[in-house]
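Me: Please take a close look at one part of this model, the contact between its two chains. I would like a connected account of what makes up that contact and of the packing that goes with it.

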Amino acid sequence: MEKLDDLYQAILTGNLEQSVSVTKQAIEEKIKPDEIINNHMIKAMEEIGRRFEVGEAFVPELLMSARAMKGALELLKPLMQGNASLSLGKVVIGTVKGDLHDIGKNLVASMLEGCGFEVVNLGTDVSDEKFVAAVKENNAQIVCMSALLTTTMTYMKSVIEALNTAGIREKVKVMVGGAPITEQFAEQIGADGYSSNANSAVSKAKELVGA
Amino acid sequence: MNSKERLIKAINREETTRPPVYCSVVPQLAERLSEYFGIPCEKPLDSLLGSRISFMDLMLRLGSDCVGVSYCAPDNAPTKQLPNGKIVNEFGMIMERHGLYDEFVEFPLAHAETVEDIEKYPFPEADAPGRFCNAENTIKKYGKDYGIIGDLECSIYETSWYLVGLEKLLMDMAMEKPYVDALFDKVAHFSTEAGKRLVEMGCDIIWCGDDFGTQNGPVMSVKMFDRYFAPRIEKMFKAFKKINPEVKIAWHSCGSILSIIPRFIDVGLDILNPIQPLAKGMDPQWLKDTYGDKLMFFGGICVQDLLPHGTPEQIRDEVRRRVKILGKGGGYILAPAHNIQADTPVENVLAMFDAVREIDD
């Protein structure tokens with residue numbers, strides 16, 4: 001469908017109304033959700049993510065694209081139920097206990113969702129019990145933790161220990177990020193992956209699930 | 001040479017053996033430092049900028065050369081605790097304690113869509129009674145002997161997002177919703193009026209700011225910065241210089257803001273703060289080499305890794321390195337790159353001040 005090129009443009013330029021109307025039309029014309037998602041939506045999110053990483057797009061543009069993508073995805077979700085092949089994997093994501101900073105975490109969540117992962121966003125100030133429960137409940141392949149503060153980043157280690165105690169550490173990959181987080185810190189606390197930005201978080205997540 | 005003279009020399013680009021120091025800490029660290037010195041810990045001041053202007057006696061005891069002052073909540077609108085435990089300030093911003101920090105959780109203009117929504121909002125008055133009592137008293141007490149920094153951070157963008165919510169504001173800026181300009185005008189007016197008062201009271205530096213940087217780069221494009229902020233910042237700076245052409249203007253922005261620095265020079269900035277060392281590209285040597293003839297520097301001591309996690313010796317080395325690079329030819333105020341955080345050992349804070357004193361010796 002030629003019109004679907006407009007979906008790519010709508011998401012890339014952050015145009016929610018256009019994104020919704022093109023998707024509605026595509027659904028009416030019985031175009032398969034995986035065609036819409038894989039060939040248009042994900043490609044647009046990959047492109048805005050690339051631009052963000054190289055400094056051609058910034059936080060407002062990424063937020064606008066994510067909003068347009070979510071508008072389309074809301075319409076497609078009911079049609080995808082039970083079709084596991086459409087998902088690259090399930091991700092549980094949250095900002096750790098004591099920390100309410102969430103814009104970076106939300107950008108990562110949007111990029112993961114827009115690039116084909118199922119994302120369960122636990123919000124901010126998330127305790128180790130909550131992370132463990134969400135991983136179990138959703139049978140998640142990846143848990144992502146974010147922190148802005150040096151005083152809260154150490155809590156990531158507590159979450160990893162809690163996953164261990166619950167006996168599910170081996171079943172889930174752990175990714176960490178946030179302003180004070182470094183690759184070295186990620187290694188020290190026993191995380192499986194680190195990313196410094198929302199775009200490279202997607203490549204790291206894909207690598208971790210072998211997608 | 002007393003602290004005041006040291007600051008005045010620094011901001012007039014005269015090199016001294018060591019630069020002046022300014023410091024601010026979070027309340028939990030203030031408590032531990034007070035305990036260390038065996039002095040009572042002050043209650044933080046009721047101000048949007050409380051962290052920068054509280055515990056000043058303690059900072060002077062440590063060896064700070066400057067005192068921070070700012071506007072506080074006025075007599076008729078102090079910050080209050082609500083029955084549900086949340087805290088509401090005079091702007092109607094609602095905060096909640098999470099871990100060590102009070103964070104914004106509800107925004108009084110979260111519904112804003114139109115210019116009317118902004119006009120209906122009862123904006124605080126900059127000249128409300130009691131707003132500058134603390135600043136007046138502090139300047140009276142310390143103004144002769146110490147540098148006075150009038151803090152005016154959260155000048156436009158940050159106070160605006162505290163009113164609206166961050167993601168909403170950023171998207172509405174991208175969509176050019178009509179209320180955005182009206183909101184920025186109101187906030188800039190408040191900051192300008194408060195800042196003018198601080199200049200009139202005799203501040204040596206007016207320290208404006210908004211965080212335009214993330215760890216990796218600017219939050220927004222230069223185009224968007226030019227569209228919304230450059231003209232308003234320029235107008236504000238001019239209003240301050242009109243009252244006192246000698247006053248120096250600093251700007252605080254956390255994070256990496258390399259692409260915006262030339263714009264700040266264009267609008268008349270004197271001093272860049274805080275030179276966050278771990279933010280991408282904010283390298284002190286490069287900044288001094290590139291912009292040292294146009295800008296002075298304020299900050300430079302890392303609070304993200306060095307101060308909380310480093311050893312006292314590493315901190316001493318870093319202080320000496322910063323002074324050598326940024327202090328060359330004057331134009332440097334040594335300071336932590338933000339409020340020193342609660343996870344920082346007392347001996348690390350002492351090491352920072354000791355290292356400066358050792359240069360003096």
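**The interface of chain A and chain B**

Reply: In this predicted model, six residue pairs, both members at pLDDT 80 or more, are in polar contact across the interface of chain A and chain B. Salt bridges between chain A and chain B number zero. The size of an interface is often given as the accessible area lost when the parts come together. For chain A and chain B the buried area is about 2,000 Å², with carbon and sulfur atoms giving 68% of it. Chain A brings 22 residues to the contact, and chain B brings 27 residues.

On the side of chain A that touches chain B, at least two residues come from each of helix H4 (59–80), helix H5 (103–114) and helix H7 (150–153) of chain A. H4(A) gives the most to that side, namely six residues. Sorted by class, the side of chain A that touches chain B holds 11 nonpolar, seven polar and four charged residues.

As for the packing, the largest nonpolar core has 172 residues. The members that touch the most others in that core are Tyr157(B), Leu163(B), Met173(B), Phe212(B), Phe229(B) and Ile233(B). Leaving aside residues up to four places away in sequence, Leu163(B) touches Phe91(B), Met93(B), Phe107(B), Pro108(B), Leu109(B), Ala110(B), Tyr121(B), Phe123(B), Leu183(B) and Val187(B). Another core, of 29 residues, lies apart from the largest one, and Val92(A), Val143(A), Ala162(A) and Ile168(A) are among its members.

Notes:
Residues are numbered from 1 along each chain as its sequence is written. Chains are lettered from A and ligands numbered from 1 in the order in which they are written. This is a predicted model: local features need pLDDT of at least 70, side-chain atom pairs count only at pLDDT 80 or more; totals for chains, interfaces and linings use all residues. Side-chain values use heavy atoms; hydrogens and water are left out. Contact means heavy atoms within 4.5 Å. Buried area is the accessible area (1.4 Å probe) that two parts lose on being put together, summed over both. A salt bridge is a side-chain nitrogen of Lys or Arg within 4 Å of a carboxyl oxygen of Asp or Glu. A polar contact is a pair of N or O atoms within 3.5 Å; within protein, one must be able to donate a hydrogen and the other to accept it, and residues adjacent in sequence count only if both atoms are side-chain atoms. Helices (H or I, at least four residues) and strands (E, at least two) are DSSP runs, numbered from the N terminus. Ala, Val, Leu, Ile, Met, Phe, Trp, Tyr, Cys and Pro count as nonpolar, Asp, Glu, Lys and Arg as charged, and the others, Gly among them, as polar. A nonpolar core is a set of buried Ala, Val, Leu, Ile, Met, Phe, Trp, Tyr and Cys residues joined through side-chain atoms within 4.5 Å. Buried means under 20% relative accessible area, exposed over 50%, partly exposed in between (1.4 Å probe, protein chains only).
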